[in-house]
Amino acid sequence: MGKVYVFDHPLIQHKLTYIRDKSTGTKEFRELVDEVATLMAFEITRDLPLQDVEIDTPVSTAKAKVLAGKKLGLIPILRAGLGMTEGILKLIPAAKVGHVGLYRDPETLQPVEYYVKLPSDIEERELIVIDPMLATGGSANVAIEALKKRGAKQIRLMCLIAAPEGVEAVQEAHPDVDIYLAAKDEKLNEKGYIVPGLGDAGDRLYGTK
Ligand code: PRP
Ligand code: URA
């Protein structure tokens, strides 16, 4: 079964509080999501492999380390995943970015796929699927399925907030996928919103309703 990591770094938790607050406006919301995404990228890259190099400092030679050049790919789920993408790219600028477009039908809560455009070599990349919200888990599961169908082998999922129902759904459908969160909330309400959550992530990022 996939593991679940909740990043409890104080800066992530502090900023998440203002993201959740309904009095936070669109501009500030967008900035905070971007900042938290950068901080989460710092945490999720902890296990990237390093390799030894020898360099010359102004004083002597030194044995040092650089990233071993693991190929990464970011897969934001449209729309709201886009709000986290630039923040992650600040720390992982060489990552390729693929897009999966899904929206959740408000009646059935089922995800509807409308766009998929991926790097051509996804089977060689470690992919991070990005979406601020993991609610029923339907969208994440369809996105992960879309990647696997096209050859992806290593996939992680990174979300700001998850409901227990969404975590369970992903663990059941994709036991090979680890999940990285800033918070695991209490439950879903009858409309499929995360409680307490932050409301509709796409609407809050882009000022729509
Ligand atoms: C939101 C969110 C997730 C999905 C989560 O997107 O960004 O993709 O809902 O819900 P689920 O886990 O129950 O599938 P939404 O469908 O509102 O689309 P949008 O990003 O285009 O606003
Ligand atoms: N999608 C959102 O944007 N928010 C929720 O709480 C659930 C799904």
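How far apart are the mean positions of the positive and negative charges of the protein? They lie 2 Å apart, for 27 positive and 31 negative charges. Lys and Arg count as positive and Asp and Glu as negative, with His and the chain ends not counted; each charge is placed at NZ of Lys, CZ of Arg, CG of Asp or CD of Glu.

**View 1. The fold of the predicted model.** Welcome to a predicted model, in which local features need pLDDT of at least 70, side-chain atom pairs count only at pLDDT 80 or more, and totals for chains, interfaces and linings use all residues. Residues are numbered from 1 along each chain as its sequence is written, and side-chain values use heavy atoms, leaving out hydrogens and water. The protein has six helices and 13 strands (DSSP runs, H or I of at least four residues for helices and E of at least two for strands, numbered from the N terminus). Its C-alpha trace spans about 65 × 40 × 30 Å along the principal axes.

**View 2. Burial in the protein.** Of the 209 residues, 47% count as buried (under 20% relative accessible area, with a 1.4 Å probe and protein chains only).

View 3. I161 sits in strand β10, which covers residues 154-162. Buried or exposed, what is I161? It is buried, because its relative accessible area is 0%. Leaving aside residues up to four places away in sequence, I161 touches L16, R20, P132, M133, L134, A183, D185, I194, G197 and L198 (heavy atoms within 4.5 Å).

**View 4. I161 and A64.** These two residues are 97 apart in sequence, and their C-alpha atoms are 37 Å apart in space.

Note on methods. Chains lettered and ligands numbered in written order. Buried < 20%, exposed > 50% of the residue type's maximum accessible area, 1.4 Å probe, protein only.
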